[in-house]
Amino acid sequence: MRVLGIETSCDETAASVVINGRRVYTNIVSSSLGKHAKTGGIIPEIAAREQAKAMIPVLKLALGNLSVKQIDIIAVTQGPGLIGSLLVGVETAKTLSYVWDKPLIAVNHMVGHIYANWLLPKPPTFPLLVLLVSGGHTELVLMKDHGKYKIVGSTRDDAAGEAFDKTARLLGLPYPGGPQISKLAEVGNPSKYPLPRPMLESGDLDFSFSGLKTAVLSLTKKVSLTPKVKRDISASIQEAIIEVLVEKTIKAAQKYKVKNIALGGGVAANIRLRQAIKERWGGKLFIPPPPLCTDNGAVIATVAFYNPKLTNWSKLEAKPNLTY
Ligand code: KG4
Ligand code: ZN
């Protein structure tokens, strides 16, 4: 079965064809990030305009040499995300479903991040604990089967990706801050500036990152931001975020007696996080390759293959606050 997956929830315009939920035929991602780097965040209006322009060329590339007849199902991100961005993908998918007469499946973006793990050579087995870390979400999700999600921990304020992005901004680094901090951290000293590990000892499985942002703000007021200082602060920020993520994930796996841990979402592309959890976790670990951690259409197609719940195109609406 060939599924065409479409993803436009944030700044990417992405489309992909995945065969039988496991084999990526194409995975095309066009990003408008360059247009947002200087502003410190995504400008929704600009993102949506760029997506409207990129959608057809991206679809053409994703179809490759396939004819319309060879596509069996269309899958699209319904939410959560930016409304203008979501609308581009959702309305495109609805149009294609009607004109091509193909079944349509609506997919939750966060579930897409989870299913990046089903594109690994050896996919996970259940029960599975997923650390889901993106720009807008930080969640620990317990999965007992396909389509069954229980959120056992989440952030009380900023998401992990947001913590990277906001603290990067305080250091004068461009958006998105995660990859920037990660790059500087490679040559910085993570013990130089002792930053708080929020909620590490809270006894529950929740996260909070706004205190870290405040601590970095007061630190940047005390020091002169030379390149060396920026490298050391970056390494210290990264270490603080990663330590909390890893420790809480391990605690959750122990509490729910789960042997399998998976990562998902843009922050899962972070090299230090990938390394730190490998060092700490003795059970089975599933980590998608970095291009499948960040937003793409292949993971959306994969969700549809494993969760084939059809939607009528005339009833589908983009939902910016979609939960699961
Ligand atoms: O999942 P994603 O691509 O989009 C959302 O659904 O939000 O995640 C984007 C987030 C941004 O906050 C970005 O800074 C972060 O993922 N990110 C990283 C890295 N690559 C992307 N954070 C830390 N280290 C990275 N290498
Ligand atoms: Zn995402």
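This is a predicted model: local features need pLDDT of at least 70, side-chain atom pairs count only at pLDDT 80 or more; totals for chains, interfaces and linings use all residues.
A pocket is defined on a 1 Å grid over the protein atoms alone as an open set of points with protein on both sides within 12 Å along at least five of seven lines, and its lining residues have an atom within 4 Å of a point. A volume is the space filled by probe spheres set on the points, which are joined across faces, edges and corners. The lining of the largest pocket comprises 42 residues, with S134, G135, G136, D165 and Y175 lying nearest the centre. Helices α3, α4 and α5 each give two or more residues to this lining, and the largest share, six residues, comes from α4. Helices (H or I, at least four residues) and strands (E, at least two) are DSSP runs numbered from the N terminus.

Ligand 1 sits in the largest pocket, in the sense that more than half of its atoms lie within 2 Å of the grid points. The ligand is surrounded by 19 residues, of which H113, G135, D165, G266 and N270 are the closest; a residue counts as near if one of its heavy atoms lies within 4 Å. Segments α3 (109–115), α4 (160–170) and α5 (177–185) each supply at least two residues of this shell. Polar contacts are pairs of N or O atoms within 3.5 Å. An oxygen atom of ligand 1 lies 2.9 Å from a side-chain N or O atom of H113, and a backbone N or O atom of G135 is 2.8 Å from a ligand oxygen atom. For D295, a polar side-chain atom is found 3.3 Å from an oxygen atom of the ligand. Taken alone, ligand 1 exposes 550 Å², of which the protein buries 88%, as computed by the Shrake-Rupley method with a 1.4 Å probe.

The second largest pocket has a volume of about 370 Å³. Of its 16 lining residues, A106, V107, N108, N307 and K309 are the closest to the centre. Strand β5 (residues 104–108) provides the largest share of this lining, four residues.

One cavity of 30 Å³ or more is present, a cavity being a set of points where a 1.4 Å probe fits but cannot get out. G40, D165, A168, R169, L173, P174, Y175 and G177 line the largest cavity.

Residues are numbered from 1 along each chain as its sequence is written, while chains are lettered from A and ligands numbered from 1 in the order in which they are written. Local features need pLDDT of at least 70 and side-chain atom pairs count only at pLDDT 80 or more, whereas totals for chains, interfaces and linings use all residues; side-chain values use heavy atoms, with hydrogens and water left out.

Notes
A polar contact is a pair of N or O atoms within 3.5 Å; within protein, one must be able to donate a hydrogen and the other to accept it, and residues adjacent in sequence count only if both atoms are side-chain atoms.
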